[in-house]
Amino acid sequence: MAAAACLTVTSCAAADGDGTSGSQASKSEANLAAAKEVVETYSKPTPFPVDRPLTRGLAPNQRISFMQCASPFCALLAQLYGMGTKTMGTAPVDTVKGGHSADGVQSALSSITADGPAALLLPAVNLGSVGASIKKVNQAGIPIVGAGVMGGPKQGIDAPINGPINYERQGTILADWAVVTGGGDANIVWYRNPELDFTKVSTQAFTKELKKNCPGCTVRYVDIPLSAIGTTAPSRVVSDLQAHPDTDIALFSSLETATGLPPALRSAGITDVKIAGSAPVPANLQDMKNGGIDAAVGLDAGVLAFTQLDAAVRLATDQPLADAQKAGEVPLQLITKEDLPADVSKGFSAYPDFVQRFSKLWAKARKAG
């Protein structure tokens with residue numbers, strides 16, 4: 001997988017997926033104006049994704065299932081689903097834990113298929129490894145609402161919420177932030193999680209944008225396994241940066257990988273590397289407040305979770321999806337610590353009033369459910 005993820009501008013140099021790319025282009029060739037335009041555009045939130053009310057809710061005997069992965073982000077989604085079902089006035093989501101492995105995910109999907117829920121909420125699984133299980137869910141007539149799944153209706157995902165379009169944007173935004181922050185000759189490392197399909201999408205977009213706007217920048221690609229998140233990931237990153245002391249900027253395709261990193265960097269005496277990434281979890285946001293992370297492409301987890309629930313009910317009750325739900329869009333915003341609320345325990349929200357917004361959209365569903 002590491003070999004497959006290496007792009008044409010990258011030379012895969014080691015078994016861990018480390019590679020470098022760059023050119024002898026002049027610093028003056030960097031298109032700073034174009035990079036700044038992207039940074040400025042996404043420093044404001046993208047549009048709210050749901051623009052039509054639900055006309056009815058689930059029947060009393062209908063329930064929604066969630067295949068929960070092992071990451072902290074999945075745990076956050078589970079909490080937010082609880083808020084959402086309470087707001088909607090429907091039964092709590094049934095959660096089945098799938099763990100880290102493909103076998104665990106397949107087992108969880110088999111259990112959910114046997115239960116026959118009204119809809120399935122699916123996190124960012126690798127469709128290539130669980131495609132047969134997804135097909136069985138489809139054959140059972142259970143609609144699937146994704147959250148970071150890199151597929152659409154052709155792959156069995158009826159509503160690809162937070163789909164490929166969002167990860168293309170994330171990669172593009174991080175590339176231009178690096179250009180604006182580091183200048184035309186920045187030395188960048190891009191940390192990715194090869195088990196997650198969305199990593200490939202954001203990596204390709206990042207590489208394309210960086211090559212376009214900063215031909216003089218240098219970039220390395222380093223793989224961090226999903227199992228290292230929350231365990232050995234900080235030490236892996238510290239060791240990599242110690243081995244490459246010229247690195248100016250460290251970017252993470254999933255900022256969750258950087259959980260616990262700032263104190264590890266301080267202990268190692270590494271204080272001059274700028275850090276940013278996508279989809280920060282609450283621990284990352286706290287580190288940002290404390291100055292350990294410089295920026296992030298904030299994914300609105302609350303709107304994501306509520307948009308999924310909204311889509312699940314629409315699919316289960318034959319109501320049309322909103323255009324953004326079909327496209328897979330949820331709000332994104334390039335954020336720094338100045339954009340954070342006092343309480344970051346529920347994650348970042350580009351729309352802090354999202355509960356009130358959805359409550360209004362779901363008013364008829366509560367009465368007609």
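Select Leu121 first: its bridge partner in β6 is Val145. The model is a predicted one, and this pair is the starting point of the tour.

**The sheet**

The open sheet has 4 strands, in the order β4-β3-β5-β6, and the pairing is parallel. At its edges are β4, residues 94-99, and β6, residues 144-146, each of which pairs on one side only. From one strand to the next the twist averages 25°.

Move to β3. Its pairing with β5 is parallel, over 3 bridges. Pick Ser65 and look across to β5, where Leu120 stands opposite. Towards β4, β3 again pairs in the parallel sense, here over 5 bridges. Pick Met67 to find Val96 of β4 opposite. How many residues of β3 are buried? Of its 6 residues, 5 are, and the strand is mostly covered.

Next select residues 72-88, helix α3. This helix lies across β3 (64-69) and β5, and runs at about 155° to β3.

Select residues 164-182 for α6 and residues 197-213 for α7. Their axes come within 7 Å and cross at roughly 40°. That angle makes α6 oblique to α7, because angles under 35 degrees would count as roughly parallel and 65 to 115 as roughly perpendicular. The crossing of α6 and α7 is right-handed.

To see the contact, show side chains on both helices. On α6, the residues making the contact include Pro164, Tyr167, Glu168, Leu174 and Val179. On α7, among them are Phe198, Val201, Phe206, Leu210 and Asn213. Gly171, Thr172, Ala175 and Asp176 of α6 also take part, as do Ser202, Ala205 and Glu209 of α7.

**An arginine in α11**

Finish at residues 301-316, helix α11, and select Arg314 within this helix. Is Arg314 buried or exposed? Its relative accessible area is 1%, so it is buried, the cut-off being under 20%.

Show the side chain of Asp310 as well: the side chain of Arg314 makes a polar contact with it, at 2.4 Å. Then look beyond the neighbours within four places in sequence. Arg314 is there in contact with Val50, Arg52, Pro53 and Leu54, and also with Gln319, Pro320, Leu321 and Gln325.

Technical notes
Residues are numbered from 1 along each chain as its sequence is written. This is a predicted model: local features need pLDDT of at least 70, side-chain atom pairs count only at pLDDT 80 or more; totals for chains, interfaces and linings use all residues. Side-chain values use heavy atoms; hydrogens and water are left out. Two strands pair if DSSP finds at least two bridges between them. Helices (H or I, at least four residues) and strands (E, at least two) are DSSP runs, numbered from the N terminus. Axes are lines fitted to C-alpha atoms, for helices over the stretch in contact, and angles run from 0 to 180 degrees between N-to-C directions. Contact means heavy atoms within 4.5 Å. Buried means under 20% relative accessible area, exposed over 50%, partly exposed in between (1.4 Å probe, protein chains only). A polar contact is a pair of N or O atoms within 3.5 Å; within protein, one must be able to donate a hydrogen and the other to accept it, and residues adjacent in sequence count only if both atoms are side-chain atoms. Angles under 35 degrees count as roughly parallel, over 145 as roughly antiparallel, 65 to 115 as roughly perpendicular and the rest as oblique. A crossing is left-handed if the near helix is turned anticlockwise from the far one by less than a right angle, and right-handed if clockwise.
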